[in-house]
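This report describes one protein structure in plain terms.

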Amino acid sequence: MKKKWLTLFFIGLWMLEAFAAGCGTKGADAAASMSGQAANGAQYEEIASEDMAADAGVSEGASEEGAGLAGSVSAAGQQMGEKLIYTYRYSVETKAFDAFLEAISDKAAELGGYIEASTTDGSGADGGSRYANLTLRIPADAMEQMLSLVKSEANVTYQNVSSEDVTLQYVDMESHLKALRTEQETLLKLLEGAQKVEDVISLQSRLTDVRYEIESYESQLRTYDNRITYSTLYLDISEVARTTSVTGAQTSFWDEIRIRFGDSLYAVGQGARGAVIWFVGSLPILVPLAAVIGAALLLWRKKGKGRRFLGRRERAQKEAAKEAERQETEDNAKQE
């Protein structure tokens, strides 16, 4: 029985040792595995760090390149300059109509500009006012000189300045034009080496379209260049005997009343003057007309008197006939 228990004891001890050895091997393997994973993780981290550094270098290079591109675009924008079209509208009054028109014409020629359109209305021969509408094209950098002349030689009653920025349209047209010219050169080279008739026809058709588009864009750019180089001034000129008083924010209350009162008196005086001038100037027509009207009235009165005389005569005859008839009736009654 003892022997049996000893045998079981040794068998159990051996199993415990075997189990402990297995656990130790597994722990070593696990430790080795963990150390391998740690090494691999370190390697991955190193590689990742290198990749991140490389990415950072690329990003930094890209940022520097982007900054350089932005700087070049900004510099190009500064060098290119804006394309602005200026339009001026002025209404003025002048007492010396002819002299002012001549001064404007001479100044426009002196500044290198020209009168694009001109319209004059009215006649100063009969004392009436004259009006003129001018469209002037003046170099943009010399417009201030023209406006200084207008303000010094006439009374400005209205002024307006507007500008149109066509920079984007201008640059876009230039880009299209450059691309079309490049395409034209390519088509010409292809046309030189074309062998088939259908290829020649196709290339010539496209070349015609490209040339048409090039001419269209060149025409639009020339129009823009002209409008940019030469500003437009619309000038309305009125001839007056007395210029209109223009009140501003600096004008005091009593000064404004005095100006308005003077303008009203002047308007009344001009109205009376116009009425007298009209009456005296119309006498050659009014006198014969008055004579005709007077003759017609006299004739009408004479006809009226004649009618009244005939009417009274007829009434008298009727009354006499009635009286004779009444007398005859009384006489017949007495005889009976």
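Gln 159 is in contact with Arg 89, Tyr 90 and Lys 151, leaving aside its neighbours within four places in sequence. The model is a predicted one. Gln 159 belongs to strand 4. Its relative accessible area is 48%, so Gln 159 counts as partly exposed. Along the chain, Gln 159 and Tyr 90 are 69 residues apart, yet their C-alpha atoms are separated by 4.5 Å.

**The chain as a whole**

The protein chain holds seven helices and five strands. Read from the N terminus on, the order of elements is α-β-α-β-β-α-β-α-α-β-α-α. The chain has 336 residues, of which 17% count as buried. Taking the contacts between residues at least 6 apart in sequence, 78% join residues at least 24 apart.

In general, the strands of a sheet pair through backbone hydrogen bonds, in either a parallel or an antiparallel way.

| Strand pair | Sense | Bridges |
|---|---|---|
| Strand 1 and strand 4 | antiparallel | ten bridges |
| Strand 1 and strand 5 | parallel | eight bridges |
| Strand 3 and strand 5 | antiparallel | nine bridges |

Between strand 1 (residues 84–94) and strand 4, which run antiparallel, Arg 89 stands opposite Asn 160 in strand 4. Arg 89 is also one of the residues that Gln 159 touches. Where strand 1 and strand 5 run in the parallel sense, Glu 93 stands opposite Ser 238 in strand 5. Ser 238 in strand 5 is the bridge partner of Tyr 131 as well.

Strand 5 also contains Ser 231. Is Ser 231 buried or exposed? Its relative accessibility is 1%, so Ser 231 counts as buried. Not counting residues up to four places away in sequence, Ser 231 touches Tyr 86, Tyr 88, Leu 136, Arg 137, Ile 138, Ala 140 and Met 143.

**Helices 2 and 3**

Two packed helices are described by the angle between their axes and by the distance between the axes. For helix 2 (residues 97–110) and helix 3 (residues 143–153), the axes come within 10 Å and cross at roughly 165°. Helix 2 is therefore roughly antiparallel to helix 3. The crossing of helix 2 with helix 3 is right-handed.

Which residues meet in this contact? On the side of helix 2 they are Phe 100, Ala 103, Ile 104, Lys 107 and Ala 108, and on the side of helix 3 they are Gln 145, Met 146, Leu 149, Val 150 and Glu 153. By type, the residues of this contact are seven nonpolar, one polar and two charged.

**Helices 4 and 5**

The axes of helix 4 and helix 5 (residues 197–229) come within 9 Å, and the two cross at roughly 155°. Helix 4 is therefore roughly antiparallel to helix 5. Helix 4 passes helix 5 in a left-handed crossing. The residues of the contact between helix 4 and helix 5 divide into 17 nonpolar, five polar and eight charged.

Glu 183 is in helix 4 (residues 167–193). With a relative accessible area of 26%, Glu 183 is partly exposed. What does Glu 183 touch, not counting residues up to four places away in sequence? Its contacts are Arg 206 and Val 210. The C-alpha atoms of Glu 183 and Leu 207 are separated by 8.6 Å, and these two residues are 24 residues apart along the chain.

Notes:
Residues numbered from 1 in each chain as written. Predicted model: local features only at pLDDT ≥ 70, side-chain atom pairs only at ≥ 80, totals over all residues. Heavy atoms only, no water. Axes fitted to C-alpha atoms, helices over the stretch in contact; angles between N-to-C directions. Helix = DSSP H or I, 4+ residues; strand = E, 2+ residues; numbered from the N terminus. Parallel < 35°, antiparallel > 145°, perpendicular 65-115°, else oblique. Left-handed = near helix turned anticlockwise from the far one by under 90°. Contact = heavy atoms within 4.5 Å. Nonpolar A, V, L, I, M, F, W, Y, C, P; charged D, E, K, R; others polar. Buried < 20%, exposed > 50% of the residue type's maximum accessible area, 1.4 Å probe, protein only. Pairing = 2+ DSSP bridges.
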